[in-house]
Amino acid sequence: MPTRQAIVTYGVTTAAAATITLAALLQPWRAPGPHLAPPPPQPQPQPAPARHAVDVVFAVDTTGSMGGLIEGAKRTVWSIATHIRQTEPDAALRIGLVAYRDIGDDYVTRDFALTGDLDAVFAELAGYQADGGGDTPEDVAAALYDTLHRMQWRDDAKKLVFLVGDAPPADRGDVPRFDVLAREAGDRGILLNTIRCGLDSDTAQAWQQIAALGHGQFSSIEQDGGVQQVATPYDERLAELSARVDSTAVIVGDDGERAVHERNVAANAAAPAPAQADRAAYYATGDGAVARAGNDLVGGVIAGKMHAGKIARAALPAELRELSPEQLQAEIQRRAQLRRDAEAEMAKLARQRTDYLQANAKGGEGGFDAKVNSAVDAQLK
């Protein structure tokens, strides 16, 4: 029996990682001495609106014939995330990735765990390159197995999978057959949608069977993904404002955590302007504007969840460690105000951009993003 090779990349759920980091770094509370007057009563925080967990996994064929689809997915993942948030305004969204090929390629599967850190998801997706393949079938069953058994699905989440490829399943014997796994997905309430790229009839037959067993939708798109991204007059300015917000971040933790954050931001900054504008629009909706990174002190201060005076100096970036408490507080407030100003303009431009896109929508059946959004509309509503 062939040995299955799998590469697992662990995405870090932003809120959970930030909670662990900050719990270790917060300085102890100091009780006031007897000579100090008790502090005045503080207003009680309003309860946050109920969040609805939404977990989405994209299982994507990354063999050589899939280059167009992969590039299209890179350009539209932020607009898809925005569409999910618009469809489910209170969505606590996490996205995971499973790249798959076949035995004999560089990898059979490459997994990126479900996470709310969408900057990290984009950075992972940006690293995908179409390569390998050779014979027509691919190890679809391995991708489905990882999707069902390696992803940490939340029990209370709405669970959606999008299996995207242009070749039928190969039976390698390393995991259960694809139809067995598809039926398991349906039994577990994981909606398994399939998107066929190209015109291969064997793929269509298998994809229809998988979608039926997984209670999802089958759709077909052009081989290149069929993505039609519309440029707007607002893209450049939204990208500039989004970069300004990124520049105000103060990542609390160690240098490794700051390096990961910088890598993720750099991957997004290298994207085309419309994709950067999609990212800005996503963060301009709901509470996403202060949640780009769960361990960002400026975002935590704006949200009322963090206080600069309670962060250990060793956890701050080097340029802030030598500031006095008053200087540090002033610097954080300066950055917070810059962010508020940028976010206010972003929110206004994002609405104008949405109107422009709706007025200039292209006809036709649409590509990868349109098929995903159609399933989202049906399955989340």
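Mentor: Start with a term: accessible areas come from the Shrake-Rupley method with a 1.4 Å probe, and for residues only the protein chains shown count as cover. The protein exposes about 17,700 Å². Carbon and sulfur atoms supply 54% of that.

Trainee: Where does the model come from?
Mentor: It is a predicted model: local features need pLDDT of at least 70, side-chain atom pairs count only at pLDDT 80 or more, and totals for chains, interfaces and linings use all residues. Residues are numbered from 1 along each chain as its sequence is written, and side-chain values use heavy atoms, leaving out hydrogens and water.

Trainee: How many helices and strands does the protein have?
Mentor: There are 12 helices and seven strands. Helices (H or I, at least four residues) and strands (E, at least two) are DSSP runs, numbered from the N terminus.

Trainee: What share of the residues is buried?
Mentor: Of the 381 residues, 50% are buried. Buried means under 20% relative accessible area, exposed over 50%, partly exposed in between (1.4 Å probe, protein chains only).

Trainee: Which residues touch the most other members of the largest nonpolar core?
Mentor: V56, F58, L93, F162 and F368, out of 44 residues. Such a core is a set of buried Ala, Val, Leu, Ile, Met, Phe, Trp, Tyr and Cys residues joined through side-chain atoms within 4.5 Å. Helix α2 gives this core its largest share, eight residues.

Trainee: New topic. What is the phi of H215?
Mentor: H215 has a positive phi of about 55 degrees, although it is not a glycine. H215 sits in strand β7 (residues 215-221). Most residues other than glycine have a negative phi.
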